[in-house]
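Here is a short note to read beside the model. Please keep the sequence and the structure open while you go through the points.

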Amino acid sequence: MNTTNSKFTRYEDNGKVWLSEDSDQSFQLTDYGVKPTVLATEAEVGQAMLDELYTTAAAKDGDINIALLGGRGAQQLHRLLGELAKTNEADELLARLNVFTQDALAPMAMGNGLSFVRDFERILGDAFFKKIKSFTPMRTDTPDLESALVDYLTKLEELGGLDIFFIGHGPEENAASHLAYIKPFSGAQYHHVAGIIPISSSILEHHISKFKAGGSTVSEADEKECRSAASILTLGPAAILQAKKIVQSVVDADSAPAKVKTYANVLNTTFSADTDEALEQLNANPGLWIRLHPNTKSFVLPNLGL
């Protein structure tokens, strides 16, 4: 089951491929819960996320490895970083950043206006990408997505893993949710660091409408190519659990009202005392993985009704 010339172990089930570094590690379920911080505005959430980056930068020397959050959740953070990059105020910080993406639709040209990479470039701006140390997106324009994903994971591991996993919260059916693009019943387990899972047409429609609403310029050709995407690349539970800090933001319950119920479900679900049953709960509602990390910040708006 090992991938060729790779330290990663490959698991395939019903068209889903998950990669793991060490399947022999034992799993100890410790529920730290989630204690949301309710802030008044989306701008305050963006500033709180930036403050977490500053805190991490002050606490360690050398490189800082982060996973960018796509979509609405981190747009205010990205605008703040983009504005800082136009000045010299944060050059020392920016020069330490190794920036990674966390999920992607594939196959798709890297220049497609519906890719997260283009959205990051649009909001963060040229100055940001010129000043950071490195930018590593998940490759979506190759016939061998799996090998490209292994290369991505190898670089992330060589750099020491994520210091901050900026993460969102996506609603799913049955009051469930996804993190990154770990979907319900996708078979993601605690030792899976990343995966390639089949995509549904409903996800593609949601993705396209979300980008259009966010102000992305989308050509007819971009939209056609996006609709032909067959897979989602995503970081997995192991990447979440191994990150040194999780910073979650949930800001769009007005336009995605299902999040009111799905976020509450993450807060209030009681884990089974039986490990196998708890793992089934995590498979059915991957949003719960965030509760197993001891260093999590969850910044939300009052529209979640907490």
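1. **Two helices crossing.** Helix α1 passes helix α2 in a right-handed crossing. Right-handed means that the near helix is turned clockwise from the far one by less than a right angle. The axes of α1 (residues 42-59) and α2 (residues 75-85) come within 7 Å and cross at roughly 60°. Axes are lines fitted to C-alpha atoms, for helices over the stretch in contact, and angles run from 0 to 180 degrees between N-to-C directions. Helices (H or I, at least four residues) and strands (E, at least two) are DSSP runs, numbered from the N terminus.

2. **Ground rules.** This is a predicted model, in which local features need pLDDT of at least 70, side-chain atom pairs count only at pLDDT 80 or more, and totals for chains, interfaces and linings use all residues. Residues are numbered from 1 along each chain as its sequence is written, and side-chain values use heavy atoms, with hydrogens and water left out.

3. **Who touches whom.** In the contact between the two helices, α1 supplies E42, A43, G46, Q47, M49, L50, L53 and Y54. From α2 come Q76, L77, L80, L81 and L84. Contact means heavy atoms within 4.5 Å. How do the residues of this contact divide into nonpolar, polar and charged? Nine are nonpolar, three polar and one charged. Here Ala, Val, Leu, Ile, Met, Phe, Trp, Tyr, Cys and Pro count as nonpolar, Asp, Glu, Lys and Arg as charged, and the others, Gly among them, as polar.

4. **The cover on α2.** Q75, L77, H78, L81, G82, L84 and A85 of α2 are buried. Buried means under 20% relative accessible area, exposed over 50%, partly exposed in between (1.4 Å probe, protein chains only). Their cover includes α1, α3 (91-94), α4 (116-124), α5 (126-131) and β8.

5. **The open sheet.** Seven strands form an open sheet with parallel pairing, in the order β3-β14-β13-β8-β4-β5-β7. Two strands pair if DSSP finds at least two bridges between them. β3 (36-38) and β7 (134-136) each have a single partner strand, so one side of each has no neighbour in the sheet. The twist averages 20° from one strand to the next. Inside the sheet, three bridges join β8 (residues 164-167) to β13. F165 stands opposite I246 in β13. Helix α10 lies across β3, β13 and β14 (296-300), at about 150° to β13.

6. **D252.** Look in the loop between β13 (246-250) and α10 (258-268) for D252. Is D252 buried or exposed? D252 is buried, at a relative accessible area of 12%. A polar contact of 2.7 Å joins its side chain to that of K259. Such a contact is a pair of N or O atoms within 3.5 Å; within protein, one must be able to donate a hydrogen and the other to accept it, and residues adjacent in sequence count only if both atoms are side-chain atoms.

7. **Strand β12.** Five of the five residues of β12 (residues 231-235) are buried. S231, L233 and L235 lie on one side, with I232 and T234 on the other. β6 (residues 103-106) joins β12 by four antiparallel bridges, and D103 has T234 as its bridge partner. β11 (residues 192-198) also pairs with β12 in the antiparallel sense, over five bridges.

8. **Backbone details to check.** The peptide bond from A106 to P107 is cis, with omega near -5°. A175 is not a glycine, yet has a positive phi of about 60°.
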